[in-house]
Amino acid sequence: MSLGTGTEALARLAEGRVDHRFKGLPPDADGLTVAELTAQRRNLFTDGFTTPVLALSAERLEHNLALMETYATRHGLAFAPHGKTTMAPQLFRRQIEHGAWGITLAVPHQVRVARAYGVQRVFLANELVDPAALRWISAELAADEDFRFLCYVDSVRGVELMDAALQGTTRPLDVVVELAAGEGARTGVRTEAECAAVADAVAATGTLRLVGVAGYEGEVPRADPERVRAWLRRLVALAADFDKAGRFADAGPDGIVISAGGSAWFDAVADVFAEVPELSLPVLKLLRSGAYVSHDDGHYRKVSPFNRVPEEGALEPAFRLWTQVVSRPSPDQAFTNAGKRDAAYDLDLPFPQVVRRDGTERPATGIEVTALSDQHAWLTTTGDADLEVGDWLGLGLSHPCTSFDKWQLIPVAEVDGTVVEYIRTFF
């Protein structure tokens, strides 16, 4: 799948028809293509969009893309942002245009989406032992010599299953040994001795090629800067030990891969990866943070590394869920028409930010979301709250990964409400 073919696939997204499948879009746009609707430059607030509707800020989206490009360049990091956050090929392309080495993904379906839209470098931050998926990836590698694919391994048994599924393939599949973040953490090899055993198993196959080490520091138990940096130094030391033992003699076009980096500790990753010693081959220091694209108004706002290094800049929350007050049964209670089907709620409830009435916005003073039903937000209000049935309430959200997955076609609006793009997601 070439970049040109991917461009053609992205162009075809604009040929899709707007209809009942897509929440929040204007009913009178039914039958238009996405391109035709985009060309109309409708206003989110006055041109027929219905509530609830999730919107992305055009300006903040671009700010976040540019900021992380600058950050990665400044720190000498390659960047493969985690695509499972958005599952939006249009955003994948923009991330790559902003300097990303490739896209990180988690499961085979996500790889298929990325390949359908021309992504040429994929880092699968997960183990992969499914025979059908392995055979499909092997066929992609055989058909496209420019396709680069890496995935985790963390057990001898997993290596054996991969080897069995890949017999007869023409290109080896590149793997990195995943080092667990600690006892009781998620996936990954628990000890360095076990890492060596997994690496030996890889070397004994003709179907796999060991190219590096990786892990996820966000799973470090009781994570704090000291514990996270200690684990990252273990990861770097593992790479150095493997290199000294000659395990990366045929590491491939990118040299030795050392990869980590979620959205909460990428400053620690940058600091420790700056300490990587000179190895026998060039080193690809691969950061994988994904939530930065939209950022958020809750969890990631609180844990962002830019809070610790404000001189490096700041991400901006780009999501806003617009919902409408449909009931005001008492002075201290109100209900809007967005609920669990529309808003992320796994980390925090939505945050009331602005009230919009008659074209005017004001802060959502004295309003709190206290619960979500399937299609209602429960609000408590104080005497400071000026809220009426019919008002639009703009909500900030927490956790991008469970916000994108509730919306198939998301309008991107400029600050005045002009919708300039529609982002298609594939979950």
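Residues are numbered from 1 along each chain as its sequence is written, and side-chain values use heavy atoms, with hydrogens and water left out. Because the model is predicted, local features need pLDDT of at least 70 and side-chain atom pairs count only at pLDDT 80 or more, while totals for chains, interfaces and linings use all residues.

**Aromatic pairs**

A search of the whole structure gives 13 aromatic pairs. Rings of Phe, Tyr and Trp (its six-membered ring) pair if their centres lie within 6.5 Å; planes under 30 degrees apart are stacked, over 60 edge-to-face, and the rest tilted. One of the pairs is F79 with Y292, which is tilted. F79 sits in strand 2 (residues 78–79) and Y292 in the loop between strand 9 (283–287) and helix 11 (299–303), so this pair ties together parts that are 213 residues apart in sequence. Helices (H or I, at least four residues) and strands (E, at least two) are DSSP runs, numbered from the N terminus. F79 and Y292 are both buried. Buried means under 20% relative accessible area, exposed over 50%, and partly exposed in between (1.4 Å probe, protein chains only).

F147 and F149 also make a tilted pair. F147 is buried at 1% relative accessibility. F149 is buried too, with a relative accessible area of 1%.

| Tilted pair | Centre to centre | Angle between planes |
|---|---|---|
| F79 and Y292 | 5.3 Å | 50 degrees |
| F147 and F149 | 6.2 Å | 50 degrees |

Arginines also meet rings. R247 lies over the face of F242, 5.1 Å from the ring centre. R424 lies over the face of F426, at 4.9 Å from the ring centre. A charge sits over a ring if NZ of Lys or CZ of Arg is within 6 Å of the ring centre and within 35 degrees of the ring normal.

**R356 and its aromatic neighbours**

F45, W322 and W392 form one aromatic cluster. R356 touches F45, W322 and W392, among others; E361 and D391 are also on its list, which leaves out residues up to four places away in sequence. Contact means heavy atoms within 4.5 Å. R356 lies in strand 12 (residues 351–357) and is buried, with a relative accessible area of 17%. The side chains of R356 and E361 are joined by a polar contact of 2.9 Å. Such a contact is a pair of N or O atoms within 3.5 Å; within protein, one must be able to donate a hydrogen and the other to accept it, and residues adjacent in sequence count only if both atoms are side-chain atoms.

**S259**

S259 belongs to strand 8 (residues 256–260). S259 is buried, with a relative accessible area of 0%. A polar atom of its side chain lies 2.9 Å from the backbone oxygen of L286.

The search finds 2 cavities of 30 Å³ or more. The largest cavity has a volume of about 50 Å³. The largest pocket holds about 500 Å³ of space. Of its 28 lining residues, H82, K84, A125, R186 and Y216 lie nearest its centre. Strand 4 (residues 121–127) gives the largest share of that lining, 3 residues.

On a 1 Å grid over the protein atoms alone, a cavity is a set of points where a 1.4 Å probe fits but cannot get out; a pocket is an open set with protein on both sides within 12 Å along at least five of seven lines, and lining residues have an atom within 4 Å of a point. Grid points are joined across faces, edges and corners, and a volume is the space filled by probe spheres set on the points.
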